[in-house]
Amino acid sequence: MKIIVCIKQVPSTNEVRMDPVTKTIIRDSRQAVINPFDTYAIEEAVRLKEQLGGTVYAMSMGIPATERLLRDAMARGVDKSLLLTDRAFAGADTLATSYALSLGAAQLGDFDLIICGKMAVDGDTAQIGPELSAQLGIPFITDVCEILEASEKKLRCKKVTDNGFAEVEITLPALITVSKDINMPRFPSISGVRFSLTAPFRSCTAADVGADTERCGLTGSPTQVVRSFTPDRSHKAQPLTGSMAEIADAALKIYEEVR
Amino acid sequence: MDLKLIRPMTEEFAEYLRDESRSVGSAEHIAFPRTQDEIREILKACYASGEKVTVQGARTGLAAAAVPYGGCIVNLNKMNRVTAMRHEGGDYYITLQPGVVLSELKKMIGSKKFDTTDWDEASNAAYVDFCKDGEFFFSPDPTEASATIGGMVCCNASGARSYHYGPTRGHITKVTMVLSDGRTLTETRGGECANGYDAVFTCDDGSKISAKLPTYEMPKTKNASGYYAAKDMELIDVLIGSDGTLGVVSEIEVKLLPLPQIIWGVSLLFENEQSSLRFVDQLRGSVEGVASVEFFDSGALDILREQKKKSTAFSALPVIEPFVNTVVYVELHCDTEEQAQQRLFAVGDAFTAAGGKEENSWVARNQSDLDRLMFFRHAVPESVNMLIDQRKQKDPTITKLGADMSVPDAHLFDVVKMYRDTLKENNLESATWGHVGNNHLHVNVLPNNGEEYARAKELFKVWAANVSKMGGAVSAEHGVGKLKAAFLTIMYGDRHIDEMRALKRAFDPKWQLGVGNLFTEKEGI
């Protein structure tokens with residue numbers, strides 16, 4: 001079985017810092033980690049490989065430093081990696097990203113399954129999985145929390161729905177996105193780390209994968225971010241003094257001000 | 001007593017009669033001072049009335065040092081401010097009231113956010129430098145992060161990282177103590193020293209306390225047993241680790257260290273305990289940057305396996321395969337990622353040489369994985385406490401019995417053999433974890449009933465005697481408090497205990513402070 005796992009580099013903490021001037025997320029490569037949902041995708045791919053045999057590829061579109069995280073995936077059981085890195089890819093929205101990833105998947109040849117995390121913790125769109133499957137013309141299931149049955153031909157999955165769970169069967173090749181309930185990601189081992197540091201590594205530019213640059217990066221991104229800002233989470237406490245009636249009046253006045 | 005600061009002991013303060021050791025004491029009064037002057041007032045009043053005084057921090061201690069044996073409780077929780085910062089020779093020092101909680105201190109240092117109200121100009125200038133400078137940390141890391149700095153100073157607390165950075169003592173540069181009569185004494189690192197075993201402490205008012213220091217040779221291993229005593233020693237070290245028996249610590253200055261750029265952890269999964277000990281032996285001295293070496297035996301792992309099955313709170317624990325008999329965790333502190341890789345592989349080589357297989361390891365190279373390994377470490381004592389609480393419901397007389405003894409490196413195999421043989425002979429269930437790099441294991445006996453509990457208590461005395469013969473310490477990090485006072489006598493013998501009594505008497509002539517801690521009062525000394 002040939003499985004591709006899509007991973008994204010995200011900031012390591014929940015406290016995402018915004019650049020006050022450019023209004024973009026400050027990305028410090030030392031602090032960057034694999035998107036937590038993608039770690040479950042890696043684990044599920046490696047488990048399927050252990051069960052059915054085959055090869056697991058990790059793929060990412062990102063800056064050159066993303067190599068560190070792809071190698072980390074290799075330390076956790078992934079066999080090979082592909083990094084799509086080019087200035088032409090910069091500033092991509094989910095449409096342009098999924099286009100680039102679809103070209104990357106084509107580079108890796110006939111695959112049976114693509115696994116993505118259900119969403120990235122920095123963008124929270126949950127769009128990449130479905131859009132990638134549409135670009136590739138393959139079926140998909142989102143929010144998979146358990147693979148009930150797996151073979152070279154098809155998967156039977158349990159997925160999270162708004163009202164509970166659903167069991168869905170899908171014919172391969174296909175794409176699934178996974179939720180955190182699906183497994184407990186393993187730690188890398190020392191031997192895994194040794195392997196990951198010496199394993200060959202492949203990176204491709206937009207030209208290498210035959211990308212139409214009109215569909216890449218900022219140029220290929222129809223999404224318009226109207227405004228981004230750091231939410232104001234400051235709290236103020238103001239003591240109210242006086243008679244009950246005075247306090248009530250003061251409280252009402254504040255209520256009117258902030259309403 | 002009519003002093004407003006001292007309140008009568010009523011039902012609402014009942015929790016202050018106990019600590020984490022689950023011992024319960026008694027008291028007539030309680031006080032919550034906010035300043036050093038208030039401590040002085042309280043102690044002067046107690047000195048006049050002759051009332052005993054037991055000082056408390058967060059009451060997280062495991063040796064009952066904060067449990068009162070009558071008299072007045074002086075609880076320092078309200079003295080929780082950072083009062084100054086100093087920048088000297090590239091290093092940063094911060095001055096704390098004793099009630100500052102360790103987790104809060106770590107948060108303040110990590111975020112570089114301090115309440116600077118009332119700081120003087122020099123402190124504010126140092127703070128400006130600190131904010132612009134790199135990252136720093138305070139290295140002592142007892143598992144219980146809700147401990148107070150005052151408590152940590154009183155028992156010279158340690159943690160996992162003490163393997164590399166040493167216990168609290170080495171990170172304290174100044175201590176001020178209020179003595180039983182209300183005088184204050186300040187000792188600094190690099191300040192007053194003993195002349196041989198003769199010590200003269202100069203109080204802040206210029207008065208002197210002359211005392212003979214104990215003449216025992218301290219164990220050449222991790223040690224929190226009794227007073228620190230050595231020829232020509234710095235006198236600040238007498239105050240650190242004095243278990244609330246010499247005075248009430250009212251102000252502490254700590255030195256911060258630069259935070260290592262790279263912190264990696266690795267847990268090594270062994271098929272048998274002997275291999276794990278061979279690994280530790282091999283690792284020591286052969287790999288640089290090792291900050292901690294921790295151990296979890298088969299008893300501890302079995303309890304974790306059960307907890308993971310039973311409780312959703314522990315479901316995030318990694319799966320511990322049946323072949324795993326012992327786990328050793330190694331933490332590496334490094335300057336660069338390349339250096340961290342080299343050291344990780346050196347750990348792997350030592351693991352292989354000891355009979356391990358590198359694929360049987362869990363490597364943490366980012367915060368999320370480090371947090372998971374930390375959760376594993378903390379889940380062990382928590383699970384054991386839950387197990388004991390369950391058993392306690394059947395037999396309320398039992399409680400957990402945890403050893404805190406250490407031996408020199410040469411005796412690691414001997415001490416583990418002693419624990420294993422005697423536990424087997426006595427047919428006692430146990431779970432062991434702790435700081436194997438320092439040959440310091442918390443062997444916890446898990447009694448099923450009162451009879452087993454009594455047998456285990458006797459066994460601890462045997463261990464104390466054997467560990468002492470190996471040149472070890474009966475308490476390596478929890479302090480002696482009240483619960484291990486008998487072990488201290490086993491370790492040092494009556495003559496040296498009398499020397500300690502004499503030192504205490506010089507500080508506390510009416511024998512009021514920390515009564516029952518370390519040793520009991522003896523007439524004529």
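Trainee: Which residue stands opposite Ile94(B) in β12(B)?
Mentor: This is a predicted model. In it, Val254(B) of β12(B) stands opposite Ile94(B). The strands concerned, β6 (residues 91-96) and β12 (residues 248-255) of chain B, pair in the antiparallel sense over 4 bridges.

Trainee: In what order do the strands of the open sheet in chain B come?
Mentor: The order is β5-β6-β12-β8-β9, with antiparallel pairing. β5 (82-88) and β9 (184-188) of chain B each have a single partner strand, so they stand at the edges and one side of each lacks a neighbour in the sheet. On average, neighbouring strands are turned by 15 degrees against each other, direction ignored.

Trainee: And which strands does helix α1 of chain B touch?
Mentor: Helix α1 (residues 36-49) packs on the sheet and touches β8 (172-178), β9 and β12 of chain B. Its direction makes about 150 degrees with that of β12(B). Helix α3 (residues 121-132) of chain B lies across β5 and β6 of that chain, at about 65 degrees to β5(B).

Trainee: Turning to β14(B), how many of its residues are buried?
Mentor: In β14 (residues 262-270) of chain B, 7 of the 9 residues are buried. β14(B) pairs in the antiparallel sense with β16 (residues 326-334) of chain B over 9 bridges, and Ser267(B) stands opposite Tyr329(B) there. With β17 (residues 361-364) of chain B, β14(B) forms an antiparallel pairing over 4 bridges.

Trainee: Lastly, how many residues of chain A are in contact with chain B?
Mentor: 12 residues of chain A are in contact with 17 residues of chain B. Helix α5 (residues 190-198) of chain A gives the largest share of the chain A side, 5 residues.

Methods: Residues numbered from 1 in each chain as written. Chains lettered and ligands numbered in written order. Predicted model: local features only at pLDDT ≥ 70, side-chain atom pairs only at ≥ 80, totals over all residues. Contact = placed C-beta atoms within 7 Å. Helix = DSSP H or I, 4+ residues; strand = E, 2+ residues; numbered from the N terminus. Buried ≥ 20, exposed ≤ 12 C-beta atoms within 10 Å, placed from the backbone. Pairing = 2+ DSSP bridges. Axes fitted to C-alpha atoms, helices over the stretch in contact; angles between N-to-C directions.
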